[in-house]
Amino acid sequence: MPRVAMLYDVARLEEKMLAAELRGRAELELVHLPSQPLRLGEPPGGGVDAALVRAISLYRAVSSAAVAESWGAAVVNPPVPLMAAGDKLLTQALLERRGIPTPRALVAYTPEAAVEAAGELGYPVVFKPTVGSWGRLAALAGDGEAVRSIAEHREALGGPYKVHYLQEYVRKPGRDLRVICVGGRAVAAAYRVSPGGWLTNAARGARSIPARLDGEAEELAVGACEAVGVEVAGVDLVEDPERGYLVLEVNGVPEFKSLTSATGVNVAASIAEHVVWRARV
Amino acid sequence: MAKVKCPVCGGLVEVDDDALPGELVEHDCGVVLEVHRGPNGSITLKPFEGVEEDWGE
Ligand SMILES: Nc1ncnc2c1ncn2[C@@H]1O[C@H](COP(=O)(O)OP(=O)(O)O)[C@@H](O)[C@H]1O
Ligand SMILES: [Mg+2]
Ligand SMILES: [Zn+2]
């Protein structure tokens, strides 16, 4: 049996489902990151063929993926693609380069330049942090005064928040589409319908309803994963009334519990199968 | 079900025998507890410190 490590910080329902699916297919080494040090170049239990990275924290995910690579393991997802997926601006730049449609976006490094960028995009404008998720700190700004004050607050937070990433507001039909991709294939999709308000995150109370995977959504989602270099991901798409699907982001450690219960697709089994296949090749 | 002592209030908390390390358990006293496993598999609970960034749905 191949040896597979799962690296994680919180055992959410997803990690429990993944552990159960991996146990049936491989010898599983659970690596709970907060409880122990990791040794560079020294795999746990004497050897690991593949590692599945499931840390919620971006920096824990990227760094533990790098350590797993030092063990000689096949790592899903590898550290650099995880970093690219974890930063929405890095992701969008890679998508643009590959010609994948995205909402128009501008980057600014001062509040004044952010106001100029917003004026160019038109109001309301989406002003979201480059890192983070669950819609956390994502703002929809109605005018230049709001943009200036959000930018000033972000600068006070420091670090990645000092990069002002502004996006045109896509007039989507009250929902977005989450597509789970595994090993170059879309395995499941669900609409997330907002309970009201512009955010459609499941963590914000959006309802998941099963979606038929059409060829266009599948092609875009798989292309987005290739552009970023991730093997397992949750790709968020929004529907623009004129341009059709636009890719919003690529989640390198995707949650999938509400999608699983809505669609009945065993996402954890698909991921486990892929990781075990990577352990063998 | 294992009965494990809450490190905050001292009350007994029920934990699944097959709980994974890192599983979160809510408890009457209001604290969120994180499951830890000793070398012999024994279960202990620590207050959950939280994690910052995320990749949610
Ligand atoms: N440019 C945009 N236009 C319209 N809605 C958006 C835009 N960007 C984000 N949203 C909404 O906000 C939600 C969260 O944005 P997303 O980029 O997926 O970040 P995250 O989920 O990591 O917080 C999306 O699911 C979508 O409903
Ligand atoms: Mg999202
Ligand atoms: Zn207690």
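## Zinc site in chain B

Donors are N, O and S atoms within 2.8 Å of the metal (3.2 Å for Na, K and Ca); water is not among the atoms, so sites may look incomplete. Along the sequence, the donor residues of the zinc ion (ligand 3) follow the spacing C-x2-C-x17-H-x1-C. Cys9(B) and His27(B) link distant parts of the chain, 18 residues apart. Cys9(B) sits in the loop between strand E1 (2-5) and strand E2 (12-15) of chain B. His27(B) sits in the loop between strand E3 (24-26) and strand E4 (32-37) of chain B. Helices (H or I, at least four residues) and strands (E, at least two) are DSSP runs, numbered from the N terminus.

The zinc ion (ligand 3) is coordinated by Cys6(B) through SG, Cys9(B) through SG, His27(B) through NE2 and Cys29(B) through SG, at 2.2 to 2.8 Å. The angles among its four donor atoms run from 79 to 121°, and the site is irregular. Four donors count as tetrahedral if all angles lie between 85 and 135 degrees; four count as square planar and six as octahedral if opposite donors are over 155 degrees apart and all others between 65 and 115; anything else is irregular.

## Model and conventions

This is a predicted model: local features need pLDDT of at least 70, side-chain atom pairs count only at pLDDT 80 or more, and totals for chains, interfaces and linings use all residues. Residues are numbered from 1 along each chain as its sequence is written, chains are lettered from A and ligands numbered from 1 in the order in which they are written, and side-chain values use heavy atoms, with hydrogens and water left out.

## Fold of chain B

Chain B has zero helices and five strands. From the N terminus on, its elements run β-β-β-β-β. Its C-alpha atoms fill a box of roughly 30 × 25 × 15 Å along the principal axes.

## Interface of chains A and B

Chain A brings 41 residues to the contact (heavy atoms within 4.5 Å) and chain B brings 16 residues. About 2,100 Å² is buried between chain A and chain B, with 58% from carbon and sulfur atoms. Buried area is the accessible area (1.4 Å probe) that two parts lose on being put together, summed over both. In chain A, Val10(A), His32(A) and Ile56(A) lose the most area to chain B, together 21% of what that side buries.

One salt bridge is counted between the chains. Lys16(A) pairs with Glu23(B), the closest N and O atoms being 3.2 Å apart. A salt bridge is a side-chain nitrogen of Lys or Arg within 4 Å of a carboxyl oxygen of Asp or Glu. Elements that each supply at least two residues of the side of chain A touching chain B include helix H1 (13-23), strand E2 (27-32) and helix H8 (257-263) of chain A.

## Salt bridges overall

Over all chains, the count is 22 salt bridges. Glu14(A) forms one with Lys257(A), with the closest N and O atoms 3.0 Å apart. This pair links distant parts of the chain, 243 residues apart: Glu14(A) is in helix H1 and Lys257(A) in helix H8 of chain A.

## Backbone exceptions in chain A

Most residues other than glycine have a negative phi, and most peptide bonds are trans. A cis peptide bond joins Val76(A) and Asn77(A), with omega about -5°. Asn77(A) lies in the loop between strand E4 (74-76) and H3 of chain A. The bond from Tyr123(A) to Pro124(A) is also cis, with omega near -5°. Trp134(A) is not a glycine, yet has a positive phi of about 60°.
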